[in-house]
Amino acid sequence: MNASDYLQRSILYRKLIHGPYGEFARVDAGRLSHEGFGRQCTWRSLSLFREVRDWHVGNGHDLQDLSEVHVERFLEHRSKHWSIDSGDRSALRRLLAALRQEGLMRKRHATPLVRGMR
């Protein structure tokens, strides 16, 4: 079963797209389907999206402000309560890239060079 088949039947996906950040979920699901991910990976990625969204918004941030720094904090927080799968970090990086590409998140800021560091 591929991502497209899974998304047609997924209760998780329906809840996500009908929630306040439905467009974010649609972009993520579209990316998963386009890239040919399977059912398990699609479910895992959508679950991670839901968890990072709930954690980030629950801490008083706007989802558009999500960044690599926040993802690392989320993974650190999550590791205190649950085990982290080996693909979680890369799945969240792909999510950030897809959301930025669609203009749903702010562009990644370049880190300024500090004098003496080259």
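Predicted model: local features only at pLDDT ≥ 70, side-chain atom pairs only at ≥ 80, totals over all residues.
Trainee: Let's start with the rings. How many aromatic pairs does a search of the whole structure find?

Mentor: Two. A pair of aromatic rings is described by the distance of the centres and the angle of the planes. Take Y21 and F24: their ring centres are 5.6 Å apart and the planes sit at 80 degrees, so this pair is edge-to-face. The cut-off you need there is over 60 degrees.

Trainee: And are Y21 and F24 buried or exposed?

Mentor: Both are buried. F24 also turns up in the largest nonpolar core, which has 31 residues.

Trainee: Which residues touch the most other members of that core?

Mentor: F24, L46, F49, L66, F74, L92 and L99. Helices α1, α2, α3, α4, α5 and α6 each give two or more residues to the core, and the largest share, six residues, comes from α6 (88–101).

Trainee: Let me pick F74 from your list. What does F74 touch, leaving out residues up to four places away in sequence?

Mentor: L48, E51, V52, W55 and L92.

Trainee: Now H70. Why is H70 called buried?

Mentor: Look at the relative accessible area: H70 has 12%, and buried means under 20%, so H70 qualifies. You'll find H70 in helix α5.

How values were computed: Residues numbered from 1 in each chain as written. Heavy atoms only, no water. Phe/Tyr/Trp six-rings, centres within 6.5 Å; stacked < 30°, edge-to-face > 60°. Buried < 20%, exposed > 50% of the residue type's maximum accessible area, 1.4 Å probe, protein only. Core = buried A, V, L, I, M, F, W, Y, C linked by side-chain atoms within 4.5 Å. Helix = DSSP H or I, 4+ residues; strand = E, 2+ residues; numbered from the N terminus. Contact = heavy atoms within 4.5 Å.
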